Amino acid sequence: MTESLTFADSILIEADPATVYATVADVTRTGEWSPICRECWWDEDDGPRVGAWFTGHNVTPDREWQTRSQVIVADEGRAFGWSVGPGRVHWTYSMQEAAGGTLLTESWDFLPEGQEFFTEKYGAHAAEQIAERTSAARAGIPETLSAIKKVIEQA
């Protein structure tokens, strides 16, 4: 597999970009809005800066696992993103000032290296596992964005 699998969606949040950024860049709050990630914590008391590491604890009906991620973009008020693995999947939140608040976009990029990792890990079942992760991103991103909007607008 030589191409990334990608998906993105956006939502308008009635708050300024700095508020939206501060919320999504606080990975310790991820469990408040993610349908799969129950909690995250910064490694070594770090924070939202490029190069920082954090661990996530994920749960689905079929399994439970942890991931290690490294922050790859931390541009206050504009974008916050991380690389799972690292180098397997990139997740990014982008903020753009818009009439009525901030347009928040969440994007998912399942990189070729991540797909190769799945091929090695799952063998004959790799395509099925990749399709499952793709489906989870396509369903989870709109759900996550809606939950973030609710958290921020009810604060």
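Predicted model: local features only at pLDDT ≥ 70, side-chain atom pairs only at ≥ 80, totals over all residues.
User: Nice. Where is Thr-55 found, and is Thr-55 buried or exposed?
Analyst: Thr-55 sits in strand β3. With a relative accessible area of 8%, Thr-55 counts as buried, because the cut-off for that is under 20%.

User: Which residues is Thr-55 in contact with, leaving aside neighbours within four places in sequence?
Analyst: Asp-43 is one of them, along with Glu-39, Cys-40, Trp-41, Gln-66, Thr-67 and Arg-68.

User: OK, on to the strands. How many bridges join β3 to β4?
Analyst: Seven, and the two strands run antiparallel. Trp-53 stands opposite Gln-70 of β4. The strands form a hairpin, with four residues between them.

User: And what about β4 and β5?
Analyst: That pair is antiparallel too, joined by six bridges. Ser-69 has Val-84 in β5 as its bridge partner. Three residues lie between the strands of this hairpin, where Gly-77 takes a positive phi near 80°.

User: Switching to pockets: what volume does the largest pocket have?
Analyst: About 1,000 Å³. Its lining has 44 residues, and those nearest the centre are Ile-36, Asn-58, Trp-65, Thr-67 and Trp-91.

User: Which element gives the largest share of that lining?
Analyst: That's α3, with nine residues. Other elements that give two or more residues include β3, β4 and β5.

User: And how does the lining split by class?
Analyst: There are 24 nonpolar, eleven polar and nine charged residues.

Technical notes
Residues numbered from 1 in each chain as written. Heavy atoms only, no water. 1 Å grid on protein atoms, 1.4 Å probe; cavity = no way out; pocket = protein on both sides within 12 Å on 5 of 7 lines; lining within 4 Å. Points joined across faces, edges and corners; volume = space filled by probe spheres on them. Nonpolar A, V, L, I, M, F, W, Y, C, P; charged D, E, K, R; others polar. Buried < 20%, exposed > 50% of the residue type's maximum accessible area, 1.4 Å probe, protein only. Contact = heavy atoms within 4.5 Å. Pairing = 2+ DSSP bridges.
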